Amino acid sequence: MTGIIRTTWHNAEVLSNQRWTEGLLTLRIRTEPLPFTAGQFVTLRLPIPTADGTELVAKSYSLINAPDEEALEIFYNIVPNGKLSNALAQLQPGDNLEISQPAKGFFVLDEIPAVPNLWMIATGTGLGPYLSILKTSQPWQRFQKIVLVHGVPLVNELAYAELIQTFVTQYPEQFRFISCVTREANPHGLEGRSTTHLEAGTLEQTAGTQITADDTHVMLCGNHNMLNDMKALLAQRGMQRHLRHKPGHITTEQYF
């Protein structure tokens, strides 16, 4: 009989809290060694002041750092009236919070079938787990073509541009990055939703790679509207959700 893995809480120290925009930040923290697989998530916990004292508030976030990096990194957005996200945004270097162990989740490459092409499609902070995965050697050894698509409302929300450019530079024949901006002009990518461009054919044309049930797996991470629309469009191509007991073509992780 398999034993239940219990969640434990460990103290973590804030190293930095970088603000990309007014509501988009990256938190870097340090704790005792935390083994995990790229693509997994942890839960952060903080005591939040209330009228009656304090309340422990917790929420799960994907790790952006590679498993061999010492500092843990969380890419998050401030949710209106969100107790934890607003508290996280106030943290300064030297402050403390709690982090759960072990890391959890199945949004990892070990769960992806063997195919030549991998598409990673994200909205907002859903970009995070892909960055952790792309920092490891596994995707570059497994796939012939890797396409990363990041959809955001505004150009200044296209975070981690320098890191993504290192992948472009290092793997020019293997990797393609496409940004999709919905509310303003996008000088370096597409304008409009990624779903709109998939339906119109411009997403694949820009990538130079087709999405087919025969040779492609699609990872989707972000808001429910994108996930639902993408799954419907991919279903028209004979692509279905991948399950352990029923292999498919689509792996998802919903953020909000």
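Which strands does helix α7 lie across? I found that α7 (residues 224–235) lies across β7, β11 and β12 and runs at about 160° to β11. For the angle, axes are lines fitted to C-alpha atoms, for helices over the stretch in contact, and angles run from 0 to 180 degrees between N-to-C directions. Contact means heavy atoms within 4.5 Å. Helices (H or I, at least four residues) and strands (E, at least two) are DSSP runs, numbered from the N terminus.

A note on ground rules before I go on. This is a predicted model, in which local features need pLDDT of at least 70 and side-chain atom pairs count only at pLDDT 80 or more, while totals for chains, interfaces and linings use all residues. Residues are numbered from 1 along each chain as its sequence is written, and side-chain values use heavy atoms, with hydrogens and water left out.

**Entry: the parallel sheet**

I traced an open sheet of 6 strands in the order β10-β9-β8-β7-β11-β12, with parallel pairing. Two strands pair here if DSSP finds at least two bridges between them. β10 (190–191) and β12 (250–254) each have a single partner strand, so one side of each is left without a neighbour in the sheet.

I then went through the pairs. β7 and β11 are parallel over 6 bridges, and Ala-122 has Cys-221 in β11 as its bridge partner. β7 also pairs with β8, in the parallel sense over 7 bridges; there Thr-123 is partnered by Gly-151 of β8. β8 and β9 pair in the parallel sense over 7 bridges, with Arg-176 in β9 as the partner of Val-147.

How many residues of β8 are buried? I noted 7 of 8, so β8 is mostly covered; buried means under 20% relative accessible area, exposed over 50%, and partly exposed in between (1.4 Å probe, protein chains only). Helix α4 lies across β8 and β9 (175–181), at about 145° to β9.

**Entry: the cores**

I looked next at nonpolar cores, meaning sets of buried Ala, Val, Leu, Ile, Met, Phe, Trp, Tyr and Cys residues joined through side-chain atoms within 4.5 Å. The largest has 27 residues, and those with the most contacts inside it include Met-120, Tyr-130, Phe-175 and Met-219. The elements giving two or more residues to this core are β7 (117–123), α2 (128–134), β8 (145–152), α4 (161–170) and β11 (216–222). α2 gives the most, with 4 residues.

I picked out Met-219 for its neighbours: beyond four places in sequence, its contacts include Phe-107, Trp-119, Met-120, Tyr-130 and Thr-251. Another core, of 25 residues, lies apart from the largest one, and Val-14, Phe-36, Leu-84 and Ala-89 are among its members.

**Entry: the cysteines**

How many disulfides does the structure hold? I counted 0, taking a disulfide as a pair of cysteine sulfur atoms within 2.5 Å. For Cys-180, the nearest cysteine sulfur is that of Cys-221, 15 Å away.

**Entry: the antiparallel sheet**

I found another open sheet of 6 strands, in the order β4-β3-β6-β1-β2-β5, with antiparallel pairing. Its edge strands are β4 (53–62) and β5, each pairing on one side only. Neighbouring strands of this sheet are turned by 35° against each other on average, direction ignored. β3 and β4 run antiparallel and are joined by 10 bridges, with Leu-46 opposite Val-57 in β4.

**Entry: two residues I checked**

Thr-43 sits in strand β3 (residues 41–50). Is Thr-43 buried or exposed? It counts as buried because its relative accessibility is 16%. Its side chain makes a polar contact with that of Ser-60 at 3.0 Å; a polar contact is a pair of N or O atoms within 3.5 Å, where within protein one must be able to donate a hydrogen and the other to accept it, and residues adjacent in sequence count only if both atoms are side-chain atoms. Leaving aside neighbours within four places in sequence, Thr-43 also touches residues including Trp-9, Lys-59 and Glu-98.

Val-79 is in the loop between β5 (72–77) and α1 (83–89). I have Val-79 down as partly exposed, with a relative accessible area of 29%. Beyond four places in sequence, Val-79 is in contact with Lys-59, Ser-85 and Asn-86.
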